[in-house]
Each structure stands twice: as structure tokens, then as C-alpha cells.
Amino acid sequence: MRVVFHTSSAAETIELGRALCLQLKPGDVVAFHGELGAGKTTMIKGVAAGLGVADVVKSPSFVIVTEYAGRLPVYHIDLYRLSESSDFGAIGLDSYIEGEGICLIEWAERAEKILPASAVRVRMSVEEEGRRIEVSGPNVDRNVQPARGL
Amino acid sequence: MLCLGIETSCDETAASVVRGQTAVLSSIVSSQLVHAEYGGVVPELAARAHMQAIVPVVEAALAEARVTWSDLSLVAVTNTPGLMGALLVGLPFAKALCYSLGVPFVGVNHIEGHIFALRLEQPELKPPFLAAVLSGGHTELLVVEDWCRYRPLGSTIDDACGEAFDKVAKLLGLPYPGGAEVEKLGREGRESIEFPVPDAGGYDFSFSGLKTAVLYHRRDHPEASRADVAASFQRAAVAAVTGRIEQAVRKTGFRVVGVSGGVAANGFLRQRLAELARRHEFTLVIPRPAYCTDNAAMIAATGVERFTRFGPSELDLPAAPRTPLG
């Protein structure tokens with residue numbers, strides 16, 4: 001299933017992230033795709049908040065992985081500084097993906113070869129006014145609906 | 001006391017020997033060494049590079065300091081925050097070394113290390129003072145109430161300050177790491193574009209919106225001079241930092257301000273901070289660039305102070321990806 005949204009502010013993008021988290025279950029992987037400034041970290045702030053993470057979610061570009069304790073373990077992973085030929089095992093990416101927590105992966109295309117087929121895909125792009133956000137995946141249902149209709 | 005400091009929290013493998021609190025006998029940072037020994041290839045994945053570099057880097061630090069293993073009386077190592085795989089090279093190395101030499105071992109918080117870089121620059125520096133740590137991974141404003149005792153004031157809510165420089169560099173087609181590149185290009189440009197000076201409220205920082213503003217500007221004005229964009233972005237980013245520091249100086253009344261971390265090597269920021277210091281008549285301490293960027297001398301200096309105050313760390317001290325400053 002594939003659903004397309006348009007958000008016009010960071011607050012709306014965060015709200016959509018909150019709505020998306022209702023569809024997630026332990027062990028799920030959400031792959032975020034989109035250029036610099038597309039809003040990946042912003043949307044992840046919403047997903048993490050929806051999963052009960054109380055900390056301020058910051059960009060993990062520098063540290064690559066930030067672990068949060070929500071209702072489930074939440075792994076915020078950012079492959080920005082890595083390349084497709086990177087040794088993902090060296091940062092333990094495979095064990096995060098196989099774990100019971102939720103993996104939220106920015107620049108996920110760089111680890112395409114190790115993403116599970118069940119991964120939720122979030123493709124984000126900059127539009128004239130705001131962002132286009134496409135959510136897809138075998139287990140995504142049409143009921144991803146933010147509280148305020150977008 | 002002769003302390004060996006080891007730092008492997010991110011991209012740099014570093015080792016240093018420090019005598020007493022602030023006498024740096026050697027400070028080796030791997031990029032130079034890896035450059036020489038491995039033909040300039042530094043793998044972006046830090047863990048393996050650390051593994052290859054740590055022994056030669058530590059040996060080089062001892063050799064440059066003209067000391068031997070048996071001269072060491074303490075080993076200090078970064079155990080948090082950082083990339084787990086990277087921390088897990090330096091930390092066990094330091095533990096094993098201490099075990100075999102029979103000397104105490106101290107785990108150090110990397111951000112605290114950046115604060116002690118201020119003391120390396122100015123040995124007579126005494127708390128309390130105001131400090132800002134600005135780097136690729138951290139943006140912290142805090143009060144140093146005493147050495148090893150901190151009161152956080154603000155932090156970034158999204159991107160770190162140095163990360164904003166790196167990402168804007170990328171948007172401008174400049175190589176990584178982008179801080180120095182943005183500064184260089186900005187010198188040729190005019191601050192002609194009004195990018196918003198980010199304000200996250202309170203003492204917090206936010207750089208994500210500024211990055212987006214640059215992205216929109218590139219999209220809507222592709223003909224604009226990249227040098228002007230670089231200069232204008234840098235003006236806004238630096239104004240966000242100096243604005244917070246000015247606010248904190250006014251409210252807290254501290255007359256001494258220390259600014260460290262990789263971003264503090266930026267010449268434009270240093271200049272603006274110097275102007276601010278003159279205007280508000282506070283003493284500004286900024287380490288020389290080699291102590292602003294990641295190094296192990298600051299880790300050793302932190303370790304000496306922590307050992308003096310609190311004694312050694314336990315040998316089962318874990319690595320942790322993030323730990324707030326206590």
C-alpha cells in the first residue's frame with residue numbers, strides 16, 4: 001500500500017510522524033529517503049514522540065546511531081556520512097535491524113542491501129510549499145491519518 | 001603525575017601525554033599519522049581505522065613525549081559519548097594497558113574534555129565561568145561551577161552547529177568536512193542574504209531551519225553567488241551562537257567565557273566573539289585550533305582532574321553512546 005501526504009510546516013510533518021507510529025510494531029524498520037533538508041529528522045521527531053520517547057530527538061548524523069528508550073527501544077540511525085560500500089556490520093546495523101526495537105533509518109538507500117522486505121518506506125521531497133511525503137510498504141494500511149487531516 | 005590520554009570516540013584516533021594538569025608533552029591525532037602510514041586513506045567507518053591506528057598513535061605519543069610505558073602513572077580514555085564501535089576500541093585498550101602496567105584508569109566524557117581544552121589554553125583559568133562547546137556532534141551552553149561540576153543551560157534541539165556547516169557545505173557543493181570550506185568561500189562573498197538567525201527559545205539552539213533556508217535559497221536563486229550564500233549563512237549561524245552567549249553573559253553576570261570544540265576553530269566566529277568580549281568586557285578563552293578539534297591532550301587533562309577528585313574508575317566501566325554531563 002502507498003499513501004501520499006503533503007505537509008506545509010514542520011509541525012505538520014511531526015504530526016504525520018506521530019500518526020505513522022500507530023502502524024509500527026516491535027522489530028519494524030522505517031526507511032527514510034530524501035535530500036538534505038527534506039525533513040527526515042523532523043518527521044522522526046514525531047515518530048519517536050509517538051513511540052513514547054521523552055528526550056529531544058536530535059540529528060544523529062555525527063554519531064550515526066542514537067538509541068532512545070520509548071515504549072520500545074527506538075534506534076535513530078543516520079547513514080549520511082556512510083556510503084553504499086560501508087561495512088554496516090562494524091556499526092552493528094544488522095543487529096539493530098534484527099532487534100526487537102524500532103529502527104528509524106535516514107539515508108536508508110545506502111544500506112539497501114540489508115533492509116528487510118517488510119520495511120516501511122518514507123520518501124520525502126521538497127515542494128513549492130512544504131513537503132511531499134510518500135509512505136509505502138507491504139504492511140502499511142490506508143489508515144495512516146494524522147489527527148489534523150492533511 | 002604523567003597521564004596518557006586516549007580518544008577514539010569518533011573519527012580521530014588520538015593519544016597524548018600530559019604532565020601535571022596542563023603540560024602537554026605530546027599530542028598525536030591520527031589523521032596525520034594515518035595519512036603518512038596508510039597512504040592517505042582514512043576509512044569513514046571509524047572502528048576499523050581506530051583498530052589499525054591505536055597502537056602506532058599511542059607509541060608515537062610516548063616517543064614524542066620521550067617517556068616509556070613504565071613512566072606512566074595514569075591512563076585516561078573517552079568512554080562516552082560517541083559511536084559505540086569507536087569507543088569500544090579505545091576503552092578496552094586503555095583498560096588492558098592499565099591492567100598490565102598496574103596503573104589506575106579513568107573514563108572521561110568527551111564533552112568534558114572540550115571544557116578542559118580551555119584549561120590547556122589558559123592554565124590559570126578558574127571556575128566558575130560560562131562555557132560553550134560547539135562541534136560537529138555537540139552544541140552545549142553550560143556553567144562550569146567547578147571543575148567536574150556543570151550546570152547545563154542550553155543545547156541544540158536538532159542539528160549540531162558544526163553539522164550545519166557540514167551540511168550547508170554539501171548544499172554548496174563543497175567537500176567534507178565543510179566548516180573550513182564554508183569559511184574560506186565566505187571570505188570571498190558578501191553577507192547580502194538575510195537568512196533568519198535561528199532561535200529555539202530559552203538557551204537552546206536550532207540549526208535545522210537555517211539549513212532549510214539555505215536549501216530554499218539555492219532552489220529559488222540558483223544564480224546567486226555561492227560565496228554570498230556561504231558568507232550569509234555563516235553570519236546567521238555565528239549570530240545564533242554569539243546571541244546566546246551574550247544573553248547568558250547578561251543574565252548570569254559571568255565575566256569569563258570559554259568557547260571550544262571544532263567550530264571554535266572558525267576564524268569568523270573567533271573574531272565575532274572577540275568583539276562581543278570587548279563590548280561586554282568579559283575575558284574570552286578560546287583554545288588554539290589544535291585543542292579545539294578532537295584531541296587526546298584534553299582527555300588526559302580531564303582524567304588528571306577527575307582522578308585527583310574522585311579516584312580511579314572501575315575496570316568494568318562501560319562505553320555509552322550518550323551521557324549528559326554531570
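Predicted model: local features only at pLDDT ≥ 70, side-chain atom pairs only at ≥ 80, totals over all residues.
Strand S1 of chain B covers residues 2-7. Strand S2 of chain B covers residues 14-19. The two strands run antiparallel, and six bridges join them. Together S1(B) and S2(B) form a hairpin, with six residues between them. Within this pairing, Ile6(B) has Ala15(B) in S2(B) as its bridge partner. S2(B) also pairs with strand S3 of chain B, residues 23-29. Here too the strands run antiparallel and are joined by six bridges. Ala14(B) has Val29(B) in S3(B) as its bridge partner. S2(B) and S3(B) form a hairpin with three residues between them. Gly20(B) sits in that turn and has a positive phi of about 65°. S2(B) is mostly covered, with five of its six residues buried.

Glu7(B) lies in strand S1 of chain B. Is Glu7(B) buried or exposed? Its relative accessible area is 0%, so Glu7(B) is buried. Two polar contacts involve its side chain. One is with the side chain of Thr78(B), at 2.6 Å. Another is with the side chain of His110(B), at 3.0 Å.

Salt bridges form the next topic. Side chains of opposite charge can pair when their charged atoms come close. Over all chains, a search of the whole structure finds 19 salt bridges. In chain A, the side chains of Glu134(A) and Arg2(A) meet in a salt bridge, at 3.2 Å from N to O. This pair links distant parts of the chain, 132 residues apart. Glu134(A) lies in strand S7 of chain A, residues 130-136, and Arg2(A) in strand S1 of chain A, residues 2-7. Glu134(A) has 12% relative accessibility and therefore counts as buried. Another salt bridge in chain A joins Arg121(A) to Glu112(A), with the closest N and O atoms 2.7 Å apart. Arg121(A) counts as buried because its relative accessibility is 15%. Glu112(A), in contrast, is partly exposed, with a relative accessible area of 36%.

Lys167(B) forms one with Glu163(B), and their closest N and O atoms are 2.9 Å apart. Both residues lie in helix H5 of chain B. Lys167(B) and Glu163(B) are four residues apart, about one turn of the helix. An α-helix has 3.6 residues a turn, so residues three or four places apart point the same way. Both Lys167(B) and Glu163(B) are buried. Elsewhere in chain B, salt bridges link Arg119(B), Asp146(B), Glu305(B) and Arg309(B) in a network.

Helix H6 of chain B spans residues 179-186. Which residues of H6(B) are buried? They are Val182(B), Glu183(B), Leu185(B) and Gly186(B). Their cover includes H5, helix H8 (226-252) and helix H9 (267-280) of chain B.

In chain A, Glu12(A) is found in helix H1, residues 10-21. Glu12(A) has 17% relative accessibility, so Glu12(A) counts as buried. Glu12(A) and Arg131(A) are 119 residues apart in sequence, while their C-alpha atoms are 9.7 Å apart in space.

The last topic is the interface. On the chain B side, 27 residues are in contact with 31 residues of chain A. The size of an interface is often given as the accessible area lost when the parts come together. Chain B and chain A bury about 2,500 Å² between them. Of this area, 55% is on carbon and sulfur atoms. Helix H5 (161-171) and helix H7 (208-220) of chain B each supply at least two residues of the side that touches chain A. The residues on this side of chain B divide into eight nonpolar, six polar and 13 charged. How many salt bridges cross the interface of chain B and chain A? The rule finds zero. For polar contacts, the rule finds nine residue pairs across the interface, both residues at pLDDT 80 or more.

Technical notes:
Residues numbered from 1 in each chain as written. Chains lettered and ligands numbered in written order. Heavy atoms only, no water. Buried < 20%, exposed > 50% of the residue type's maximum accessible area, 1.4 Å probe, protein only. Polar contact = N/O pair within 3.5 Å; in protein donor to acceptor, adjacent residues only side chain to side chain. Contact = heavy atoms within 4.5 Å. Buried area = accessible area lost by both parts, 1.4 Å probe. Salt bridge = Lys/Arg side-chain N within 4 Å of Asp/Glu carboxyl O. Nonpolar A, V, L, I, M, F, W, Y, C, P; charged D, E, K, R; others polar. Pairing = 2+ DSSP bridges.
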